[in-house]
Amino acid sequence: MNASASRWEAVIGLEVHAQLSTRTKIFCACPTQFGSRANSQTCPVCLGLPGVLPVLNRQVVDCALRLGLACGSRIAPASVFARKNYFYPDLPKNYQISQYDKPLCEGGQVEMMVDGHPRTARLVRIHLEEDAGKSMHDQTGGTTSLVDLNRCGVPLAEIVGEPDLRHPEEAGAYLTALRQLVRYLGICDGNMEEGSLRCDANVSVRPTGASTFGTRVEIKNMNSIRGVVAALEHEIRRQGKLLDEGGTVNQETRTWDPDRGVTVFMRSKEHAHDYRYFPDPDLVPLHVDEAWLARVRTQLPELPMARLQRFTAQYALPVYDAVLLTESRELADYYEDLARTLGDAKQASNWMMAEVLRLLNERGESIGRFSVRPPAVAALLHLVKDGAISGKIAKEVFDEMVATGAPAEAIVARRGLRQISDEPSLTAAVDKILDAHPGQVKAYLGGKEGLAGFFVGQLMQATAGQANPKLANQLVRAALERRRSPA
């Protein structure tokens, strides 16, 4: 850390928009499918044509309630939708329906892992709003901009965090945990590349150890967790350097340019009064009673941090392994199914970490689409436990199982891969190998006991790798000791 960096401490708060996984938009029946032809998923309601009336999608509220309950937020018995007024080409109504002073959820926290240790970051609120359209610049090779309004009215939950984060890496951990949570809850696919999860970062710097906040800058246009971390790192350096040189930080909105690795001025920062909020006259207050909350609570799954902690306690897994195996709900389910079927949680974890995750990464595949299911993997690992095949052979068999869909036993039988554990025949093979290498036998008996590995290797070669490795080691050493001259 340089001297300038040590003088300044960052204060970071994130605003995350999660697109809720509903089939239709928040106030109309238009579909929300990603990638459809431009302007093909619109109607008079989401276009804001005169005389139309929005109707709230109940499933959108269910999704937001799941998130609020999972984060421990206070759920408002009555919340109000407001009009947020501003002009932009991709906002056909010239206002966005959002929530302002009476949001659906207040407070709460996000649980995350930072450097292998659990910690929390507080939330200000979670509120509902509709998305705007999308402006596309330089699509025609000139200066023309195009507008796609398919996204208008797509339901969003805006998750506003308190400024509790101090390092870009913490912001990355926060986003990772939030993405994991919404996917566990089944309310958002978390795809940042497609814009299903979008993050705006607010960051300021202050003298290290100070209690007051510096001037806040907002950063937009970050489409990956790595991008958020990189943008924050640059902006913190920029503000620190500016203050070191006697300058001042302006409250403004900047955009992240990933190609140049810099933040760029976008516009001066808006304030709430600039949007002229007022309650939307076309929407009545949203009332959530205890019966509704009770129903949503019954739909909550075991949450990521709770599952991670249970894995370390119940299965005695290292924290690192538990973090990886609970990365998604489907992956954690797969592991637990394998551990139960196999009856060995540690062996199941080892195989998941070394082989299953390897193939998923190589194939760019999710565990939900992985063709080899836990019972088939358990059958393979039982062959290893029973001594029928070695661990090395098991990896070859597993690759073939994934490629062909054939069961382990059939592959082993077809290829003649079963281990040789017949002690008399292996003993005879060992004696033959020792007779063929008298010089190495003499050297072993003279103290070079590492040569035992040479003889084991010769035995494995003679049996095409099918000798039981453990038995092979035992028989080689026993045969060598039989040849030791009496003292």
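Does Ala436 count as buried or exposed, and at what relative accessibility? Some notes on that and a few other spots follow.

1. Ground rules: this is a predicted model, where local features need pLDDT of at least 70, side-chain atom pairs count only at pLDDT 80 or more, and totals for chains, interfaces and linings use all residues. Residues are numbered from 1 along each chain as its sequence is written, and side-chain values use heavy atoms, with hydrogens and water left out.

2. Ala436 is exposed, at 53% relative accessibility (exposed is over 50% relative accessible area, buried under 20%, partly exposed in between, with a 1.4 Å probe and protein chains only). Ala436 sits in helix α14 (helices are DSSP runs of H or I, at least four residues; strands are runs of E, at least two; both numbered from the N terminus).

3. Helix α14 (residues 423-436) packs on helix α16 (residues 452-462) at about 120 degrees, axes 10 Å apart. So α14 is oblique to α16 (under 35 degrees is roughly parallel, over 145 roughly antiparallel, 65 to 115 roughly perpendicular, the rest oblique). From α14, the contact (heavy atoms within 4.5 Å) takes in Leu426, Ala429, Val430, Ile433 and Leu434, and from α16 Phe455, Gln458 and Leu459.

4. Over in strand β12 (residues 197-207) you'll find Ser204. Ser204 is buried, with a relative accessible area of 4%. Beyond its neighbours within four places in sequence, Ser204 is in contact with Glu9, Ala10, Val11, Gly214, Thr215, Arg216 and Gln239.

Methods
Axes fitted to C-alpha atoms, helices over the stretch in contact; angles between N-to-C directions.
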